[in-house]
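Me: I am new to this structure and would like to go through it step by step. Please show it first, and then let us begin with its contacts.

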Amino acid sequence: MDDIHAPTVSSGPTSSGYSNGIPKEQLSLQELIAEKDRLETELKALGQVLDSHGVHMNTGLTTFDGFPRSDIDVAQIRTTRARIIRLKNDYKDLMTRIEKGLHEHHARLAEQAQNGSATEFQTQTGHSAAPTALEAPFAKVNSVVAGSPADSAGLKVGDTITKFGWVDWTNHDRLTRVAEAVSQNEGIPITVKALRPSTSGGPSVSVQMQLTPRRNWGGRGLLGCHLLPL
């Protein structure tokens, strides 16, 4: 007998590559973010469907002797799980596109800022300059638990976060988006950029690390650190 609680959609990419008839690579950054919000809403609704049956993605749907359970709607649960898998694959692809779009957006802003600052500096002094535009920090690391994923990644108390995956100072929404990035990337490395105070009293040093949210590390949460919004 086939495994009746196995998802009917593979874990690989299943997206058609289109959103409302438009190829995803042609969507603007704002449209990609809107699509992300739509996926999150649908994933939340599908999760509530599973909750209403008292099951989750890994709950067995057969009895001990291999027959479908009669106390739940097995067909609906399997369909819901398959849809969740598909949407999560689409969501990961969307996050990659959003992160790329945000990077390109900030690169353009930095270039514009550099050009503007250089022009102003040259007007005032008669000399040219090319100042470096730093990413603005939006959160400060208040605590890090020893042996936690955050500790293993190299995060330190006093670090100020400038980028957490696709989240930065423009969209963190009082760190709500950081929590979303963590929950959606359990077991997947997230690129984290931070400014670290210099021990010699000089300017802060830019550091980058790979932080993998995970459970069962011996403490609470998926990161093992506490962030405060700036």
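Me: Among contacts between residues at least 6 apart in sequence, what percentage joins residues at least 24 apart?
Reply: The structure is a predicted model. Taking the contacts between residues at least 6 apart in sequence, the share that joins residues at least 24 apart is 64%.

Me: In what order do the elements run from the N terminus on?
Reply: The protein holds four helices and seven strands. From the N terminus on, their order is β-β-α-α-β-α-β-α-β-β-β.

Me: What percentage of the residues is buried?
Reply: A residue counts as buried when its relative accessible area is under 20%. The protein has 230 residues, and the buried share of them is 33%.

Me: Which element gives the most residues to the largest nonpolar core?
Reply: The largest nonpolar core has 42 residues, and I98, F138, I161, F164, V178 and L211 touch the most other members. At least two residues come from each of α1, α2 (74-125), β3 (139-144), α3, β4, α4, β5 and β6. Domain 1 (29-114) and domain 2 (139-229) each supply at least three residues. With nine residues, the element that gives the most is α2.

Me: Which residues does I161 touch, not counting residues up to four places away in sequence?
Reply: I161 is one of the core residues that touch the most other members. Not counting residues up to four places away in sequence, its contacts are A136, P137, F138, A139, V141, L155, V192, K193, A194 and L227.

Me: Is T160 buried or exposed?
Reply: T160 is found in strand β4. Beyond residues up to four places away in sequence, T160 touches P137, A139, K140, K193, A194, L195 and L230. Its relative accessible area is 16%, and the limit for burial is under 20%, so T160 is buried.

Me: How far apart in space are A153 and T212, C-alpha to C-alpha?
Reply: A153 is found in helix α3. Leaving out residues up to four places away in sequence, A153 touches M209, Q210 and L211. A153 and T212 are 59 residues apart in sequence, while their C-alpha atoms are separated by 7.7 Å.

Me: How far apart are the end C-alpha atoms of helix α1?
Reply: Helix α1 (residues 29-53) has 25 residues, and at 1.5 Å a residue these should span 36 Å.

Me: Which residue just after α1 takes a positive phi?
Reply: Within α1, the buried residues are L29, L32, E35, K36, L39, E40, L43, L46 and L50. Just after this helix, a positive phi of about 75 degrees is taken by G54.

Me: How many salt bridges are there?
Reply: Side chains of opposite charge can pair when their charged atoms come close. The cut-off is 4 Å from a side-chain nitrogen of Lys or Arg to a carboxyl oxygen of Asp or Glu. E35, R38, E42 and R83 are linked in a network of such bridges. By this rule the count is ten.

Me: Is D159 buried or exposed?
Reply: The side chains of D159 and R196 form a salt bridge at 2.7 Å, N to O. The two are 37 residues apart, with D159 in the loop between α3 (149-153) and β4 (160-164) and R196 in strand β5 (residues 190-196). R196 is partly exposed at 23% relative accessibility. D159 has a relative accessible area of 0%, so this residue is buried.

Me: In which helix do E180 and R177 both lie?
Reply: The side chains of E180 and R177 meet in a salt bridge at 2.9 Å, N to O. The two residues are three residues apart, about one turn of the helix, and both lie in α4 (residues 176-184).

Me: How many residues apart in sequence are the parts that E186 and R215 tie together?
Reply: E186 and R215 meet in a salt bridge at 3.0 Å, N to O. E186 lies in the loop between α4 and β5 and R215 in the loop between β6 (205-211) and β7 (225-229), so the parts they tie together are separated in sequence by 29 residues.

Me: Which residue's backbone oxygen does the side chain of N185 reach?
Reply: N185 lies in the loop between α4 and β5 and counts as buried at 17% relative accessibility. Aside from neighbours within four places in sequence, N185 is in contact with I190 and P213. At 2.7 Å, its side chain reaches the backbone oxygen of A181.

Notes:
Residues are numbered from 1 along each chain as its sequence is written. This is a predicted model: local features need pLDDT of at least 70, side-chain atom pairs count only at pLDDT 80 or more; totals for chains, interfaces and linings use all residues. Side-chain values use heavy atoms; hydrogens and water are left out. Buried means under 20% relative accessible area, exposed over 50%, partly exposed in between (1.4 Å probe, protein chains only). The expected span of a helix is 1.5 Å times one less than its number of residues. A nonpolar core is a set of buried Ala, Val, Leu, Ile, Met, Phe, Trp, Tyr and Cys residues joined through side-chain atoms within 4.5 Å. Domain bounds come from an automatic or database domain assignment. Contact means heavy atoms within 4.5 Å. A polar contact is a pair of N or O atoms within 3.5 Å; within protein, one must be able to donate a hydrogen and the other to accept it, and residues adjacent in sequence count only if both atoms are side-chain atoms.
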